Amino acid sequence: MNKHFSCEKIRYEGPTSKNPLAFKHYDADALIDGKPMKEHLRFAGAYWHVMRNALSDPFGVGTAHMPWDDGSDSVENALRRVDVFFEFLDILGMEYYCWHDRDIAPELGDLSASNKALDAVVARLKEKQAETGVKLLWGTACLFNHPRYAQGASTSPDLNVYAYAAAQVKKAMECTKELDGRGYTFWGGREGYATLLNTDMKREMDHMAAFLHMAVDHAKKIGFDGPFYIEPKPREPTTHQYDSDAAACLNFLREYGLMDKFRLNIETNHATLAGHSMEHELTVAANAGMLGSIDANRGDPLIGWDTDQFPTDIYQTTQVMLVVLGMGGFTTGGLNFDAKRRRESHEPLDLIHAHIGGMDTFARGLKIADAIRRDGRLAEIVQQRYAGFGDELGKKIESGQCSFDELERFALANGEPALDSGRQEMLENLINEFI
Ligand code: XUL
Ligand code: CO
């Protein structure tokens with residue numbers, strides 16, 4: 001029995017098991033389309049939610065029981081958390097994790113003291129990785145919590161803040177490299193504005209691009225070759241974030257010549273806050289060859305903010321896995337549970353229940369998406385909808401060889417088009433055959 005989480009290692013017991021502390025669908029080594037489930041899904045634990053989220057909400061303080069944490073800013077306390085976190089990963093058989101610099105190590109009196117604390121924690125993380133085989137999916141710098149970032153980090157009007165943020169990112173990148181991280185994430189928590197009345201938007205975006213170019217240069221310098229991820233989110237805490245959705249991020253990266261080194265990290269609850277579905281955001285990113293990684297969670301349709309709940313919707317994970325399988329799977333990225341328990345679920349064991357649910361929901365999504373793909377009817381129907389573009393004239397259009405004159409001749413000769421049905425309801429029924 002594990003002393004911190006009051007449970008044994010979680011095993012796969014199959015769909016008929018009634019044991020709440022067992023996987024019903026996630027069978028790590030089972031092959032789906034020739035590849036183990038764990039390699040398709042590449043689950044990661046989020047350090048900030050698992051170890052640091054006290055479960056406060058805008059109306060109340062934290063409720064989470066963390067008996068291993070003495071609440072201090074000491075390095076000893078931070079090191080103790082590392083050990084507990086790796087126990088947590090082991091219980092669930094999770095092979096990846098992600099961190100924020102200020103969540104793994106305390107922010108102390110000045111930057112060099114904070115860097116020193118970070119080095120001590122990174123050394124312990126490195127030992128733990130070597131001992132367990134766990135890998136770092138990505139690291140990031142927290143550029144949104146401290147009051148100095150109230151008006152932005154790489155978009156702050158204050159040059160001193162800009163430099164401080166750069167120094168913090170430099171250090172976080174170096175720590176990511178030290179831990180052989182597969183990627184590095186930028187989430188622009190405060191990179192946006194509260195009001196345009198005091199904001200030079202063009203200048204702020206130019207500054208952010210210059211910042212990211214310096215990050216690219218520094219990656220080259222230190223030999224960090226993993227991708228950078230940008231994580232779209234439309235608002236909250238800002239009124240408007242510059243990285244508002246996948247299309248806005250792609251436009252920004254193209255405009256500023258940053259497409260090579262960057263990919264997108266798409267988060268479910270951010271997609272819905274942006275007024276999109278998760279599959280829309282994933283499809284936009286994948287179509288551009290830019291889907292790097294996923295922050296897995298969900299929102300609540302009745303609550304208007306980023307609730308970061310654990311994924312429980314099989315229909316949604318099926319749609320996510322259809323896109324992931326469709327692009328040939330993850331390379332450097334994976335499924336990071338950027339999700340937190342509800343405030344009422346305050347026991348450490350609730351962390352285990354929450355992740356079992358998330359992992360099983362994605363395992364089912366994977367199996368269902370694979371079955372839909374093997375069945376082939378869905379892809380065939382989509383293919384057929386565009387069949388006309390496989391003809392001679394269609395090929396000319398798609399290869400840029402056609403003209404309005406030619407299309408006008410065609411339209412005059414062929415009369416009123418007889419449109420086929422879109423068959424949405426039939427396709428919804430087809431999907432439900434598999435769920
Ligand atoms: C915030 C969020 C972050 C990023 C990393 O909304 O999702 O946790 O994933 O900073
Ligand atoms: Co996230």
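1. Let me start with Glu 236. This residue is partly exposed, because its relative accessible area is 27%, and the cut-off for buried is under 20%. Keep in mind throughout that we're looking at a predicted model. Glu 236 sits in the loop between strand 10 and strand 11. Its phi is near 75°, which is a positive value in a residue other than glycine.

2. Glu 236 is joined to Pro 237 by a cis peptide bond, with omega at about 10°. Pro 237 also belongs to the loop between strand 10 and strand 11.

3. You'll find Ser 6 in the segment before strand 1 (11–12). Ser 6 counts as partly exposed because its relative accessibility is 43%.

4. Now the metal. Which residues coordinate the cobalt ion (ligand 2)? They are Glu 231 (OE), Glu 267 (OE), Asp 295 (OD) and Asp 338 (OD), at 1.9 to 2.3 Å. Along the chain, the donors are spaced as E-x35-E-x27-D-x42-D. Glu 231 lies in the loop between strand 10 (228–230) and strand 11 (240–241), while Asp 295 is in strand 13 (residues 291–295), so this pair ties together parts of the chain that are 64 residues apart in sequence.

5. Why is the arrangement around the cobalt ion (ligand 2) called octahedral? There are six donor atoms, and the angles they subtend run from 76 to 174°, which makes it octahedral. For reference, the ideal angles for six octahedral donors are 90 or 180 degrees.

6. Are these two coordinating residues, Glu 231 and Asp 295, buried or exposed? Glu 231 counts as buried because its relative accessibility is 4%. Asp 295 is buried as well, because its value is 0%.

7. A few contacts to ligand 1 are worth checking on screen. An N or O atom in the His 100 side chain is 2.8 Å from an oxygen atom of ligand 1. For the side chain of Asp 295, the distance from an N or O atom to a ligand 1 oxygen is 2.8 Å. A polar side-chain atom of Trp 48 lies 3.4 Å from an oxygen of ligand 1. Taken alone, ligand 1 exposes 300 Å², and the protein buries 93% of that.

8. Next, a pair of strands. Strand 6 (residues 96–100) runs parallel to strand 7, and five bridges join them. Trp 99 has Gly 139 as its bridge partner in strand 7. Strand 7 (residues 135–140) is largely enclosed by the rest of the structure, because five of its six residues are buried.

9. Last, something about overall reach. Ala 113, in helix 5 (residues 111–132), is partly exposed because its relative accessible area is 29%. From Ala 113 to Phe 410 is 73 Å in space, C-alpha to C-alpha, and the two are 297 residues apart in sequence.

Conventions. Residues are numbered from 1 along each chain as its sequence is written. Chains are lettered from A and ligands numbered from 1 in the order in which they are written. This is a predicted model: local features need pLDDT of at least 70, side-chain atom pairs count only at pLDDT 80 or more; totals for chains, interfaces and linings use all residues. Side-chain values use heavy atoms; hydrogens and water are left out. Donors are N, O and S atoms within 2.8 Å of the metal (3.2 Å for Na, K and Ca); water is not among the atoms, so sites may look incomplete. Four donors count as tetrahedral if all angles lie between 85 and 135 degrees; four count as square planar and six as octahedral if opposite donors are over 155 degrees apart and all others between 65 and 115; anything else is irregular. Helices (H or I, at least four residues) and strands (E, at least two) are DSSP runs, numbered from the N terminus. Buried means under 20% relative accessible area, exposed over 50%, partly exposed in between (1.4 Å probe, protein chains only). A polar contact is a pair of N or O atoms within 3.5 Å; within protein, one must be able to donate a hydrogen and the other to accept it, and residues adjacent in sequence count only if both atoms are side-chain atoms. Accessible areas come from the Shrake-Rupley method with a 1.4 Å probe; for residues, only the protein chains shown count as cover. Two strands pair if DSSP finds at least two bridges between them.
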